[in-house]
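Reader: Hi! I'm new to this one, could you walk me through it?

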Amino acid sequence: MAELRILHGTSQFQAADRLLRRIWNTRAGDDPPVAVDLMCALAHTGGYVGGAFLDGELVAAASGFLAEGGSLHSHVVGVAPEAQGRGIGQAIKAHQREWAAERGLNSISWTFDPLVRRNAFFNLARLGARAERYVPDFYGPMNDGINGGDVTDRLFAHWPVHPAATATGPLGDRDAEVILDERGTPREPGGAAVLRCATPADAERLRRERPEEAARWRAAQRAALGGALACGYRITAFTKDGWYVLERAA
């Protein structure tokens, strides 16, 4: 089981920097995911800089800063490839939640790429975060090994520190209207109460091997998913086979 800790001191921040550069496949001359000096500043001013250790080795790192409304904005979380699939991502999010609760914060926010199916499932289905806003090209071009120069459209996620119990779940999606199909083809919405919006099976591989197809998916999803959110729908579920389910807001 991983050991979660708050990181302290330059040597630990340097280790986190090396790890994050490796995860993001940062090339020489590229900006790092989180610079050492920024981690130092965050730690000194009350922000969050944490890590997960297996057998004494740092295998995950995360950083975040205090934001308006009594919240923590989780800026970067990275897990080493060899440590993925072991629940470490979920453990570090739980650590952030405990840290936020100890400081009387209300929520945690972060952004994620809406095209990446595994991230959407982790954030929305596994953690139970809510994705409330679609933000086109949020960070501008990022030429690291993950983003590959793609435009950085993001969903803005919100995760309550003390989640309220809900009596009902999302509506069933059996009769939902498809607004973006499995081939990435958009369909004109007809105003149904429930919508379904697809994701590509592996957006990161698509970016590497077929960048033009990845760009086509991006534009289609921006129009479909971003358009539905702008028209008052809300994301209520994300299915294991890669579909956003949206409902018309009351």
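Author: Happy to; we can go from the overall picture to single residues.

Author: This is a predicted model, where local features need pLDDT of at least 70, side-chain atom pairs count only at pLDDT 80 or more, and totals for chains, interfaces and linings use all residues. Residues are numbered from 1 along each chain as its sequence is written, and side-chain values use heavy atoms, with hydrogens and water left out.

Reader: Thanks! What does the secondary structure of the protein chain come to?

Author: There are six helices and 11 strands. Helices (H or I, at least four residues) and strands (E, at least two) are DSSP runs, numbered from the N terminus.

Reader: And why is the chain called as compact as a globular protein of that length?

Author: Its radius of gyration is 19 Å, close to the 18 Å that the globule rule gives for 250 residues, so the chain is as compact as a globular protein of that length. The radius is taken over C-alpha atoms, and the rule is 2.2 Å times the number of residues to the power 0.38. Along its principal axes, the C-alpha trace spans about 55 × 45 × 30 Å.

Reader: How much of the chain counts as buried?

Author: Of the 250 residues, 46% do. Buried means under 20% relative accessible area, exposed means over 50%, and partly exposed is in between (1.4 Å probe, protein chains only).

Reader: Let's pick isoleucine 88. What does it touch?

Author: Not counting residues up to four places away in sequence, isoleucine 88 touches Ala2, Ala52, Leu54, Val59, Ala60, Val79 and Ala83. A contact here means heavy atoms within 4.5 Å.

Reader: Switching to helix H4: which of its residues are buried?

Author: In H4 (residues 117–126), they are Ala120, Phe121, Asn123 and Leu124. These buried residues pack against strands S5 (107–112), S6 (130–135), S10 (233–238) and S11 (243–248). Just after H4, glycine 128 takes a positive phi of about 85 degrees. Glycine 128 and glycine 87 are 41 residues apart in sequence and 15 Å apart in space, C-alpha to C-alpha.

Reader: Which residue other than glycine has a positive phi?

Author: Asparagine 25 is one of them, with phi near 55 degrees, and its place is the loop between helix H1 (9–23) and helix H2 (36–44). Aspartate 55 also has a positive phi, of about 50 degrees. Most residues other than glycine have a negative phi.

Reader: Is aspartate 55 buried or exposed?

Author: Aspartate 55 counts as exposed, at 86% relative accessibility. Its loop runs between strand S2 (48–54) and strand S3 (57–67).

Reader: And glycine 184, where is that?

Author: It lies in the loop between strand S8 (177–180) and strand S9 (194–198). Glycine 184 is buried, with a relative accessible area of 0%. Leaving aside neighbours within four places in sequence, glycine 184 is in contact with Arg216, Trp217 and Ala220. Between the C-alpha atoms of glycine 184 and alanine 219 there are 9.5 Å, although the two are 35 residues apart in sequence.

Reader: One more: is threonine 152 buried or exposed?

Author: Threonine 152 counts as buried, at 0% relative accessibility. You'll find threonine 152 in the loop between S6 and strand S7 (154–160).

Reader: Last stop, glutamine 12. What is it in contact with?

Author: Leaving aside neighbours within four places in sequence, glutamine 12 is in contact with Arg5, Ile6 and Leu7. Glutamine 12 lies in helix H1 and counts as partly exposed, at 25% relative accessibility.
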